[in-house]
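Colleague: Please put the model up so that I can look at it. I will then ask about the parts in turn.

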Amino acid sequence: MAIDTLSLSRQFPRWRLRWERLRGNILLVVVMAVLLAMIVIPIGRLLINSFLEGHPALPEGWTLQNYTTAFGMPLFYQALATTLVLATIGTAITVVIAVLFAWLIERTDMPCRNLAWALILIPMAIPGVLFALGWALLLSPKTGAMNVFLRDVFALFGVEITEGPINIYSIGGLIFLDGLRGVTTVFLMVVGAFRMMDPSLEEAARVSKAGTVATFFRVTLPALSPAILAAAMYSFISSMESFEAPLAIGLPANIFVLSTLIYFTTRIQAPLDYGLAAVFGVSYMILMVFLLIWYRRAVRNSERFATVSGKGFRPRIVSIGQWRYPALALFVVYFLFAVAAPFCVLLWTSLLPGYRVPSIDAIRLITLDNYREIFATDRVFEVIWNTLVLMVVAATATMVLAFLASWIIVRAPVRGRGLLDGLMFVPHAIPGIVIALALIMAFLTPPLRYTGLYGTMGILVIGLVIAYISFGTRLMNSAIMQVHKELEQAAYVSGASTAKTLFFITLPLLFPAFAAGWIWVAVHALRAFSIPLMLSSKNNEVFAVLLWEFWENGTASLASGLGVLLIIALIPLSLLMRRFIVQVSGQQG
Amino acid sequence: MEVEVRGLTKTFATSQGHVTALEKLSFDIRPGEFYTLLGPSGCGKSTTLRCIAGLERPDGGEIVLGGRTVVGPGVWMAPNERPIGMVFQSYAIWPHMTVFRNVEFPLRQTRSWVNKTERRKRVMEALSLVQMAEFADRPAPFLSGGQQQRVALARALVSRPEVLLLDEPLSNLDAKLREELRIEIKELTSRLGITAIYVTHDQIEALAMSDRIAVMHRGANPSGRFAERYLPAAGEQLCRRLRRTGERLRGYCWA
Ligand SMILES: Nc1ncnc2c1ncn2[C@@H]1O[C@H](COP(=O)(O)OP(=O)(O)O)[C@@H](O)[C@H]1O
Ligand SMILES: [Mg+2]
């Protein structure tokens with residue numbers, strides 16, 4: 001807060017004035033510098049490295065070779081095409097399922113609607129990597145539990161096959177996983193619109209001679225199409241960035257998407273090629289920035305055309321008659337696929353000495369040995385400690401930075417706040433894998449090399465802070481707008497400095513939003529996968545990375561055990577997080 | 001078309017228990033009549049209208065439209081099967097369609113399908129009735145409140161219903177516009193010879209437009225449920241006041 005008064009300018013020479021002004025703004029200057037450094041240096045490094053030959057730490061000179069190689073590689077185009085196809089079809093499936101359930105659960109007399117409302121949130125608690133591993137256990141062509149079951153059923157009809165019938169390690173498998181995966185998010189994005197929609201729009205259709213079905217397709221869906229479209233675009237963007245299923249399911253089948261291509265180029269192939277990966281990263285990032293700008297435009301346009309007003313209408317329930325039970329059955333099938341089946345197979349696997357197809361015989365073999373073995377590993381406590389530290393530090397750092405950034409954006413009378421607003425939106429557009437890649441390059445080269453953070457928990461924290469700061473800032477922006485300016489001004493006129501005002505007046509007033517954001521980041525940090533995996537070394541392994549290591553080493557039972565523990569920890573945390581976030585955004589209207 | 005409402009009862013289940021909105025309500029409306037339900041907010045006017053439209057399912061009683069029972073013991077006719085048109089308080093103009101499309105909608109439904117040339121003719125006819133013909137191609141969000149109300153009226157009339165239901169159609173408009181539209185609606189309905197049921201809480205509006213007025217009153221006893229019937233005392237008091245203010249009222253009160 002710069003308050004230079006007239007008397008000040010009369011008494012002091014010019015340099016003194018400048019200094020006073022800078023001193024008054026020191027907090028802002030530092031915060032802006034940190035944010036800039038955190039976002040601009042890694043991205044800059046990524047760009048520079050795409051023009052360098054050799055290892056980032058030992059560059060061998062400038063070149064355009066990386067670009068010519070990348071753009072001459074059929075694999076690059078294949079990965080790009082696969083990413084787009086996957087995201088398009090996956091999103092289509094997601095949106096159909098999510099919109100149908102949003103309508104059924106919010107607006108019809110389907111039985112058990114309240115229970116369904118709670119159950120549809122559970123997939124949030126299952127990290128993408130476990131979802132993919134669960135389905136790998138269910139549908140791997142030879143030993144997948146569900147495949148064995150299907151083969152038995154076929155055998156009853158005299159059809160004998162030794163493999164399949166379904167192979168999850170395929171593009172179809174990836175689409176299936178992606179389609180199921182996004183349902184909860186899209187559901188949550190559209191269900192509010194279903195609830196808030198003016199019910200007389202539908203009633204007007206009914207008295208205008210339209211039946212239930214015609215009303216749904218001609219009025220309800222089109223009237224909600226702005227909200228549905230926004231959710232679909234959001235889901236498309238998330239699918240474009242997905243990494244877990246393509247890693248667990250796609251790579252074994254030689255199916256690449258952009259994110260796994262980068263992982264492969266920097267972590268698996270020999271020799272590793274950072275220059276090439278940087279080109280992939282830059283292209284991927286530019287693509288995502290355009291997608292996100294397109295998304296923001298669309299959302300802003302759709303807000304102008306509001307069909308959904310904020311008035312508290314009494315939701316009117318549509319009777320779907322004899323379709324009530326088929327609708328419920330459909331939901332049960334969804335829940336089985338999205339939660340129950342993958343979780344059960346992980347639980348089953350974790351209780352047996354080695355993977356076995358579920359059967360009555362195998363029940364005799366059930367033991368807790370895997371869990372004993374997990375806790376007998378020396379590393380496991382270190383890993384748990386690392387994970388907890390990551391959660392707490394990343395959540396605190398993200399939210400404090402987000403709070404300060406938001407305060408500057410909303411309140412501070414300084415130039416460059418518009419720039420900061422734009423800057424805070426950038427990380428949202430960068431896929432986690434690219435953030436990690438950029439950080440690797442930035443911390444292998446000066447100036448950040450001297451921090452010595454490469455390969456430590458520090459770099460992990462920075463990665464997650466970058467990944468989540470856009471969300472945190474958006475949350476805090478709207479919260480700060482709710483705090484009346486005069487509450488802060490009263491503190492200034494009482495003689496408090498900017499920093500004191502911020503931490504003793506503004507922050508306590510915002511505490512609910514701050515806490516909600518903190519929990520959100522902590523939960524996401526607990527299940528984060530792509531960034532910790534990309535940045536992992538011996539010293540900074542976290543839970544999800546250890547789990548993946550077990551899986552890669554062929555010890556599926558141990559991986560499943562860790563997975564079950566992780567899910568059990570995540571279920572209450574995710575529900576808690578959801579409640580906090582709803583409360584906060586509810587308060588903000 | 002004649003409208004008979006017999007012993008209509010409707011209870012809502014809410015989180016705080018049951019709310020009885022209507023209890024044994026009965027009245028008759030003669031064909032072609034402009035009939036107004038007048039009463040304070042929350043007395044059950046909208047619920048009555050919504051039961052007639054089929055948007056609400058009553059718990060008891062029956063409703064007969066033109067000799068045909070549309071709801072009663074063991075009988076249920078969906079809203080889209082009833083010979084009605086309705087104008088909502090919020091206008092309920094579909095924002096994703098043009099004015100023309102909005103009005104055309106009832107004629108595109110299977111129950112009231114009309115072929116394309118005829119449809120065009122009837123939509124434009126309905127729009128001219130409410131003086132909105134030149135706005136036919138305008139997207140619905142670009143209309144003022146009064147214009148939206150006119151479109152809503154055209155949409156309610158285009159399928160040539162026998163009964164027109166209007167739920168406080170003017171309450172969201174400013175005073176001048178309200179007066180203007182009041183006259184227009186009244187003229188239009190008498191010209192078309194349609195039976196109109198009009199809901200309002202505004203006495204002046206009721207007096208200016210109606211052939212007959214029914215005064216509804218909600219008397220809640222301390223338990224929050226309805227007293228036996230609509231309170232006679234309060235009803236009569238209001239009627240007396242109405243007689244004093246409205247000179248040529250062919251008033252009719254039930255209590
Ligand atoms: N869907 C509903 N759920 C619960 N209570 C309702 C519902 N609709 C109406 N009510 C209650 O029924 C009573 C009558 O409402 P309404 O018919 O809308 O009154 P009016 O139109 O005369 O203002 C009110 O007490 C209202 O709160
Ligand atoms: Mg009403």
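**Strands, helices and the contact between chains**

Colleague: How many residues lie between β1(B) and β2(B)?

Modeller: In this predicted model, β1(B) and β2(B) form a hairpin. Strands here are DSSP runs of E with at least two residues, and helices are runs of H or I with at least four, numbered from the N terminus. The number of residues between β1(B) and β2(B) is 2.

Colleague: What pLDDT do side-chain atom pairs need in order to count?

Modeller: Residues are numbered from 1 along each chain as its sequence is written, while chains are lettered from A and ligands numbered from 1 in the order in which they are written. Side-chain values use heavy atoms, without hydrogens and water, totals for chains, interfaces and linings use all residues, local features need pLDDT of at least 70, and side-chain atom pairs need pLDDT 80 or more.

Colleague: Which residue in β2(B) stands opposite Val5(B)?

Modeller: Strand β1 (residues 3-14) of chain B runs antiparallel to strand β2 (residues 17-29) of chain B, and 9 bridges join them. Two strands count as paired if DSSP finds at least two bridges between them. Opposite Val5(B) stands Phe27(B).

Colleague: Which are the edge strands of the open sheet that has antiparallel pairing?

Modeller: This sheet of chain B has 5 strands in the order β2-β1-β4-β5-β6. An edge strand pairs on one side only, and here the edge strands are β2 and β6 (75-76) of chain B.

Colleague: What angle does the direction of helix α1 make with that of β2(B)?

Modeller: Within the sheet, 3 bridges join strand β4 (residues 60-65) of chain B to the antiparallel strand β5 (residues 68-72) of chain B, and Val64(B) has Thr69(B) as its bridge partner. Helix α1 (residues 45-53) of chain B packs on this sheet and touches β1, β2 and β4 of chain B, where contact means heavy atoms within 4.5 Å. Axes are lines fitted to C-alpha atoms, for helices over the stretch in contact, and angles between N-to-C directions run from 0 to 180 degrees. For α1 and β2(B) the angle is about 70°.

Colleague: By how much are neighbouring strands of the sheet β7-β8-β9-β3-β10 (chain B) turned against each other on average?

Modeller: This is an open sheet of 5 strands with parallel pairing. Its edge strands are β7 (84-87) and β10 (212-215) of chain B.

Colleague: Which strands of chain B does helix α5 touch?

Modeller: Strand β8 (residues 163-167) of chain B runs parallel to strand β9 (residues 195-200) of chain B, joined by 5 bridges, and Leu166(B) stands opposite Tyr198(B). Helix α5 (residues 175-192) of chain B packs on this sheet, its direction at about 135° to that of β3(B). The strands that α5 touches are β3 (34-38), β8 and β9 of chain B.

Colleague: Which three residues supply 26% of the area that chain B buries against chain A?

Modeller: In the contact, 27 residues of chain B meet 20 residues of chain A. Buried area is the accessible area (1.4 Å probe) that two parts lose on being put together, summed over both. Here it is about 2000 Å², of which carbon and sulfur atoms give 63%. The three residues, which supply more than any other three, are Asn80(B), Trp94(B) and His96(B).

Colleague: Are α22(A) and α25(A) roughly parallel or roughly antiparallel?

Modeller: The axes of helix α22 (residues 457-482) of chain A and helix α25 (residues 511-527) of chain A come within 10 Å and cross at roughly 160°. Angles under 35 degrees count as roughly parallel, over 145 as roughly antiparallel, 65 to 115 as roughly perpendicular and the rest as oblique. The two helices are therefore roughly antiparallel.

Colleague: How many nonpolar, polar and charged residues are in the contact of α19(A) with α22(A)?

Modeller: Helix α19 (residues 379-410) of chain A and α22(A) pack at about 40° with their axes 6 Å apart, and are therefore oblique. Ala, Val, Leu, Ile, Met, Phe, Trp, Tyr, Cys and Pro count as nonpolar, Asp, Glu, Lys and Arg as charged, and the others, Gly among them, as polar. The contact has 21 nonpolar, 6 polar and no charged residues.
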